[in-house]
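Me: I'd like to learn how to read a protein model like this one. Can you walk me through the main features?

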Amino acid sequence: MENLLRPLIVVGGSVVLTLIIGWATDLLLRKADARHGETPLWGLLRRGRIPYQLVLCAALLRGSYDQARLLEEHRVGIGRTLTLVLIGAAAWLVIRIAAAVVETSYSRYARVHRDAARVRRVRTQVSLIMRVVAAVVGVVAVAAMLLTFPAMRAAGASLLASAGVLGIVAGVAAQSTLSNMFAGLQIAFGDMVRIGDTVVVDGEWGTVEEITLTFLTVRTWDERRITMPVSYFTSKPFENWSRGTPQMTGIVYWHVDHTAPVEAMREKLRDILRECPAWDGRACGLNVTDTTPNTMQVRALVTAKDADDIWTVRVTVREQMIRWLAQEHPYALPRVNTADAAPAPGRIPGPSPSPDGAARRVHEPPRTIR
């Protein structure tokens, strides 16, 4: 009876005690979260309740397993397994606590500062810092797990002796990976590109959605995802429309006939912009920028508070101006002249003989095709 009750009391008591302590800790965190609504720290710490209970249970079982006298022939293996679980759960708990503290700090910073560009920069730095912390904690945890095996401790001296050669070989083999990692840190703390920035890369316009130590994801306007190594942004030029202030100036071009009413187009542009909510009212203008034998090029300058609004303003101005020209001034639309060429100066227009002796007209009334 003692052989049955002893392991039941030890193992069952450890599990029950873990559940009681975990429930009490979670209750305290919920009360603290309800009492301090200005900070999300206590609510975020509740995310670590599972690794917290694993740490408690593994520690209790590891400390009391010898008293249970259960499966004594496998005592070493079970004890080592409990140690590995304890190390892994502790690393998991440390990562969750660090994430809660960092995210709370970022939330406070975002509430205090109204500069969107600065907030995005801090968000990018925080996300990369958390990845670095998770990687370091993971490496330390794996190293601690390996050192629990006697064979690994015995091989430690030889591993340290060959660390220089292995480091050189690993550096050559992982050159691209290391360069991307350093590029990720350079992006995070060099403020080159941030999460939420509007960028143009390889002719694609989109928003930076995710930045890691090795790659960066851009969400395009048509909801595609472009994934590229972060070293691209440190070695090649790209457009960052969110750098500095988010305000932007947009350009709209039209090709119209030489008889187009430019002054009336200016007035119509102002009318269109007054009715467009996306226009920020900073500036607008319309000028003739180029001519061709058949058309002239008209350019309109418009402004908006960010990249999304400037797109809305441009398409609105382009569409409504073309509609207005077609309804009110159809002659201003481009035309293709299909008339014969005018005679050279000094040449008397009139009938001239054709190769077969028939007369033909040198000059005909002009005809146009719209």
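Reply: Let's start with burial: a residue counts as buried when its relative accessible area is under 20%. Keep in mind that this is a predicted model. Of the 370 residues of the protein, 30% count as buried.

Me: What does the secondary structure come to, and how much of the contact count is between residues 24 or more positions apart?

Reply: The protein has 12 helices and 12 strands. Take the contacts with a separation of 6 or more: 65% of them join residues 24 or more positions apart.

Me: And the surface: what share of it belongs to carbon and sulfur atoms?

Reply: The accessible surface is about 22,600 Å², and 62% of that belongs to carbon and sulfur atoms.

Me: How do I go about pockets?

Reply: Rolling a probe the size of a water molecule over the atoms shows where empty space is left. Here, the largest pocket has a volume of about 270 Å³. Its lining includes W205, W221, W241, M248, I310, W311 and R314. Two elements, β6 (248-256) and α12 (307-328), each give two or more residues to that lining. By type, the lining divides into eight nonpolar residues, two polar and one charged.

Me: Which residues is D309 in contact with, leaving aside its neighbours within four places in sequence?

Reply: Those are A278 and A304.

How values were computed. Residues numbered from 1 in each chain as written. Predicted model: local features only at pLDDT ≥ 70, side-chain atom pairs only at ≥ 80, totals over all residues. Heavy atoms only, no water. Helix = DSSP H or I, 4+ residues; strand = E, 2+ residues; numbered from the N terminus. Buried < 20%, exposed > 50% of the residue type's maximum accessible area, 1.4 Å probe, protein only. Contact = heavy atoms within 4.5 Å. Areas by Shrake-Rupley, 256 points an atom, 1.4 Å probe, with all protein chains shown as cover. 1 Å grid on protein atoms, 1.4 Å probe; cavity = no way out; pocket = protein on both sides within 12 Å on 5 of 7 lines; lining within 4 Å. Points joined across faces, edges and corners; volume = space filled by probe spheres on them. Nonpolar A, V, L, I, M, F, W, Y, C, P; charged D, E, K, R; others polar.
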